[in-house]
Amino acid sequence: MAAQAMQREAAFKPESSADGRPVVHAEVAGHGFTLFEESPPLMQAMVDDIRQAHERVWMETYIFADDAAGRAIADALADRARAGVDVRLMIDAWGSFSTPRALLNRLREAGVQLHFFHAFGQALPGPRWLRLMNQRNHRKLLVIDDNIAYFGGMNIVDQSGIHSKAEARQRHLPASAGWRDVHVRMVGPCQAQVAEICERLWNRVHHEHRKKAPRWPLEEMLRADHDSIFFFDSRPSLKNRRPHRVLVPLLKQARREIIVSMAYFIPVGRVLRELIRARRRGVRVKVIVPQQSDVKIVEWATRHFYEYLLKRGIHIYERRDRMLHSKAMVIDGRWSVVGSCNLDPRSLRMNLEFLAVIHSPQMAAALKRVCYEEICASERVRLAHIRKHSRWQRMLNRLAWAMRDWL
């Protein structure tokens, strides 16, 4: 068994980002932050940290794939569970629908506590089954012992060795493979807050006693005048815990620049209004989206309102060649937003999401550098490009936009 585990981990080889820098480091309020732009170094860092765990390993993920990355993580989780560590794994039943039960059964046999979030069997008996099935746990969290936490946009999926559409075709993968993303490793005392967020959901889904969720520190966030870290676990079924309550006040504060790097960009309601208002008061607004999305209907819906945004002075960049999967925002060179929340109706109104808001010029500079790497690999969208779309494509875009609230 040990030999098999070593063989699986050897199959997963970490690699640097395209420019040779696999990670970006920053120090914020006594915490160490590492920003990952590529999946392979992140997966290897997770494996290394998990194997060093002594007390607990708690993980939430939307997708847990049966590939080199997934098997390496699974072997590390199983190893720690057999050693008596408290290992919990919560995966989304829809996002991980294709994950083989054999892989998950091996985790259970090793002692890993496994939970499928909103599986069909859990929703079927109740009167709210449709809403339950539509609400997914989109968070990507990992808590290790009492000082390490991971959060961001990356699922447990192997994206190694793919830097172009040609390489994706060679491996018989979609053109969007080899995703670019942003994920964070944090070391420091605020990890306890991430652990509480994980434990609160775990207890809720298992119908166990749980502490009342603390109020969101919105006022403290807006008053921050020094390096600070704030976490928000959105639960859109509760109106006072929806992502717009965090994002809108931050956008209102913007005075110079807003950079948005977003996998699925269909902002609705107050978030869209505040982006437009920011531009009206002279704020530079730059939006980076994938040129080829893994969800075509979202791509069409986004392109339908390009003209609306461009006419209002918002700059749009389409990331070429590789699927941009990040959910990141930088405001005025001092605010950074990283997590699992897209600017689309599903994240803003339906799914469970996680957002980290960090007030730090150093962190903002690091994340801004990542965003500008994406811009350098992007094509700027112009009105002339939009007007060249065929009538058929315009019709598809309009139809997708009409369906935006259900995407």
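I began with Arg245: its relative accessible area is 31%, so I logged this residue as partly exposed. The model is predicted.

**Arg245 and its patch**

I looked up where Arg245 sits. Arg245 belongs to helix H10. I then asked which residues form a positive surface patch. Arg245, Lys252, Arg270 and Arg273 form it. Patch members need over 30% relative accessible area. Arg245 has 31%, so it passes that cut-off. Next I checked which elements give two or more residues to the positive patch. They are helix H10, residues 244-253, and helix H11, residues 269-280.

**Arg80**

I turned to another arginine. Arg80 is in helix H3, which covers residues 68-82. Is Arg80 buried or exposed? Its relative accessibility is 14%, so I put Arg80 down as buried. The cut-off for buried is under 20%. I also listed what Arg80 touches, leaving out residues up to four places away in sequence. The contacts are Ile50, Arg51, Ala53, Val85 and Val87.

**Whole chain**

The chain has 407 residues, and 58% of them are buried. I found 17 helices and 16 strands in the chain. For contacts between residues at least 6 apart in sequence, I noted that 79% join residues at least 24 apart.

Technical notes. Residues are numbered from 1 along each chain as its sequence is written. This is a predicted model: local features need pLDDT of at least 70, side-chain atom pairs count only at pLDDT 80 or more; totals for chains, interfaces and linings use all residues. Side-chain values use heavy atoms; hydrogens and water are left out. Helices (H or I, at least four residues) and strands (E, at least two) are DSSP runs, numbered from the N terminus. Buried means under 20% relative accessible area, exposed over 50%, partly exposed in between (1.4 Å probe, protein chains only). Contact means heavy atoms within 4.5 Å. Patches are made of residues with over 30% relative accessible area and no salt bridge: like charges are joined within 9 Å, nonpolar side chains (Val, Leu, Ile, Met, Phe, Trp, Tyr) within 5 Å. Accessible areas come from the Shrake-Rupley method with a 1.4 Å probe; for residues, only the protein chains shown count as cover. A salt bridge is a side-chain nitrogen of Lys or Arg within 4 Å of a carboxyl oxygen of Asp or Glu. Lys and Arg count as positive and Asp and Glu as negative; His and the chain ends are not counted. The place of a charge is taken as NZ of Lys, CZ of Arg, CG of Asp or CD of Glu.
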